[in-house]
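Visitor: Please take me through one part of this model in close detail. I would like to follow the strands and the charged side chains around them.

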Amino acid sequence: MTYRIESDFVLTSDWLPAHVFTQHYDSISIAIATAIEGVDDPEEQEVRVICVETGEVVWRSTEEQYD
């Protein structure tokens, strides 16, 4: 499985290059760690990790249910 990061917010980091937020990851844990780095407050600015093959949201930074 491969994973991608998505958010309704612009994802940026002081120490990661911009392309890391648009690439696909073979590891869900690396995708999550990268996603968290992309926003200032992951609990307020939702960021999600999506399974590329299924389109399923496999992780989200907020507790709200995904519709």
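Predicted model: local features only at pLDDT ≥ 70, side-chain atom pairs only at ≥ 80, totals over all residues.

**The sheet and its charged network**

Guide: Five residues separate E2 and E3 in a hairpin, and Gly55 in the turn has a positive phi of about 80°. Together the three strands make an open sheet in the order E1-E2-E3. Its edges are strand E1 (3–7) and strand E3 (57–60), each of which pairs on one side only. On average, neighbouring strands are turned by 25° against each other, direction ignored.

Now rest your eye on Arg48 in E2, which stands opposite Glu6 and has Arg60 in E3 as a bridge partner. Arg48 counts as buried because its relative accessibility is 4%. Arg48 also forms a salt bridge with Asp8, with the closest N and O atoms 3.6 Å apart. Asp8 lies in the loop between E1 and helix H1 (28–37), so this pair ties together parts that are 40 residues apart in sequence. Asp8 itself is exposed, at 71% relative accessibility.

Next comes Glu46, whose side chain meets that of Arg60 in a salt bridge (2.4 Å, N to O). Glu46 sits in the loop between H1 and E2 and Arg60 in strand E3, so parts 14 residues apart in sequence are tied together. Glu46 is buried at 13% relative accessible area, and Arg60 is buried at 16%. Salt bridges with shared partners join Arg4, Glu6, Asp8, Glu46, Arg48 and Arg60 into one network. Within it, Arg4 and Glu6 form a salt bridge with closest N and O atoms 2.8 Å apart, and Arg4 is partly exposed at 31%.

Terms used:
Residues numbered from 1 in each chain as written. Heavy atoms only, no water. Pairing = 2+ DSSP bridges. Helix = DSSP H or I, 4+ residues; strand = E, 2+ residues; numbered from the N terminus. Axes fitted to C-alpha atoms, helices over the stretch in contact; angles between N-to-C directions. Salt bridge = Lys/Arg side-chain N within 4 Å of Asp/Glu carboxyl O. Buried < 20%, exposed > 50% of the residue type's maximum accessible area, 1.4 Å probe, protein only.
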